[in-house]
Amino acid sequence: MPSFVSRLIPLLIRATRRQRLFAEPQRARDFLDEAAVRPASYAPPRLREDVRIARADRNGWPVYVLEPAGAPASGTVVYLHGGAWAREIVAPHWRLCAQMAAEAHTRVLVPVYPLAGPATAANRGTAAGVVAGVTDLVRDEVAEHGPVCLAGDSAGGQIALSAAMELRDRGVPPLPATILISPALDLAMENPDIDRVQPRDPWLAREGLRVFIDAWRDDLPLDDPRVSPLCGDFTGLGPLTVFAATRDIVLPDVRLAVARARAAGVDVTYVEEKDLLHVHPLQPTPEGRAARETIAGDVRSAVR
């Protein structure tokens with residue numbers, strides 16, 4: 001049974017009507033228009049004292065580098081934040097990145113990638129451009145520092161897996177780990193099992209999400225692996241660690257992806273939590289803390 005705090009979170013989400021952004025297409029369109037005029041801050045909050053942070057922009061993107069303070073770092077993780085491809089990185093993402101840096105004794109690179117927006121917005125992010133940019137960043141890091149792990153949550157999980165496939169296609173050796181937290185893996189969102197999960201998901205809904213998805217994919221088809229990595233080839237990928245939960249509409253496609261990856265010979269560690277929500281490892285709950293400790297441990301093992 002979920003902890004008391006985990007049982008409170010769905011009540012809070014419903015009370016604050018957070019699902020409206022994803023359930024009402026017009027609200028999603030209004031969000032994109034407003035964000036283009038008043039973009040949110042991506043500045044990191046004050047983080048733990050055993051982590052130092054610097055900024056090292058790459059190819060026009062702000063990129064933050066988190067490292068353990070007073071200790072040598074081993075290996076690199078590139079973390080892609082979630083937020084429906086249209087919302088900026090927030091404090092829980094930063095705290096997870098700091099925990100990985102401190103407890104895995106590794107460098108964590110956090111690219112602030114351009115976000116999806118209305119067609120008239122300048123410098124808007126698209127699947128083609130962002131996946132290519134992440135792929136370039138990881139390839140350059142591999143060339144300069146050695147093996148790199150990828151990690152991401154929700155929309156960031158989609159970008160991470162799409163980039164892992166692109167890296168393989170460019171001839172980069174398999175990554176030592178790719179960690180996916182509640183990833184959105186098929187943006188067509190036509191899996192019939194989603195209908196069975198939707199009534200129990202207090203947060204996400206397809207109608208509004210499709211507005212964000214259409215802005216993100218731009219002119220790419222929904223089955224392009226840069227948009228929907230579930231439609232890509234899993235052969236030759238490095239090990240995957242995947243976190244999911246049963247009250248989350250991305251779950252049916254996550255299950256399919258895990259099955260396809262294993263059928264392709266990929267080493268997959270799959271953690272599915274009953275009655276928890278989307279991106280539960282980022283939440284301030286006992287289950288979230290346990291998942292974050294697992295993630296830091298997985299990164300520590302991968303970067304040695």
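**Entry 1**

I began with Arg-196, which forms a salt bridge with Asp-193; the closest N and O atoms are 2.0 Å apart. I note here that the model is a predicted one.

**Entry 2: salt bridges elsewhere**

I next asked how many salt bridges the structure holds. The count is 21.

I looked up Asp-50 and found its side chain in a salt bridge with that of Arg-48, at 2.7 Å from N to O. Asp-50 is partly exposed, with 33% relative accessible area. Arg-48 is also listed as partly exposed, at 32% relative accessibility.

I then turned to Arg-255, whose side chain meets that of Glu-272 in a salt bridge of 2.7 Å, N to O. Which parts of the chain does this pair tie together? Arg-255 belongs to helix 9 (residues 251-263) and Glu-272 to strand 8 (residues 268-277), so the pair links parts that are 17 residues apart in sequence. I recorded Arg-255 as partly exposed, its relative accessible area being 42%. Glu-272 is partly exposed as well, with 30% relative accessibility.

I also noted a network: salt bridges with shared partners join Asp-136, Arg-139, Asp-140, Glu-166 and Arg-170.

**Entry 3: aromatic pairs**

I searched the whole structure for aromatic pairs and found six. One of them is formed by Phe-22 and Phe-212. Their rings are 6.2 Å apart, centre to centre, with 65 degrees between the planes, and the pair is edge-to-face. Phe-22 lies in helix 2 (residues 20-23) and Phe-212 in helix 8 (residues 206-217), so this contact ties together parts that are 190 residues apart in sequence.

I then examined Tyr-42 and Tyr-64. Their ring centres are 6.4 Å apart and their planes stand at 65 degrees, so this pair is edge-to-face; the angle cut-off for that class is over 60. Tyr-42 sits in the loop between helix 3 (25-37) and strand 1 (51-55), while Tyr-64 is in strand 2 (residues 63-68), so the pair ties together parts that are 22 residues apart in sequence. Tyr-42 is partly exposed, at 25% relative accessibility, whereas Tyr-64 is buried, with a relative accessible area of 9%.

**Entry 4: the annotated region**

Lastly, I consulted the UniProt record. Its unreviewed entry carries the annotation "domain: Alpha/beta hydrolase fold-3" for residues 77-279. I looked up what the model shows over that stretch. The chain there is 38% helix and 18% strand. The C-alpha atoms at the ends of residues 77-279 are 19 Å apart.

Note on methods. Residues numbered from 1 in each chain as written. Predicted model: local features only at pLDDT ≥ 70, side-chain atom pairs only at ≥ 80, totals over all residues. Heavy atoms only, no water. Salt bridge = Lys/Arg side-chain N within 4 Å of Asp/Glu carboxyl O. Buried < 20%, exposed > 50% of the residue type's maximum accessible area, 1.4 Å probe, protein only. Helix = DSSP H or I, 4+ residues; strand = E, 2+ residues; numbered from the N terminus. UniProt positions renumbered as here; feature names shortened; annotations may be inferred. Phe/Tyr/Trp six-rings, centres within 6.5 Å; stacked < 30°, edge-to-face > 60°.
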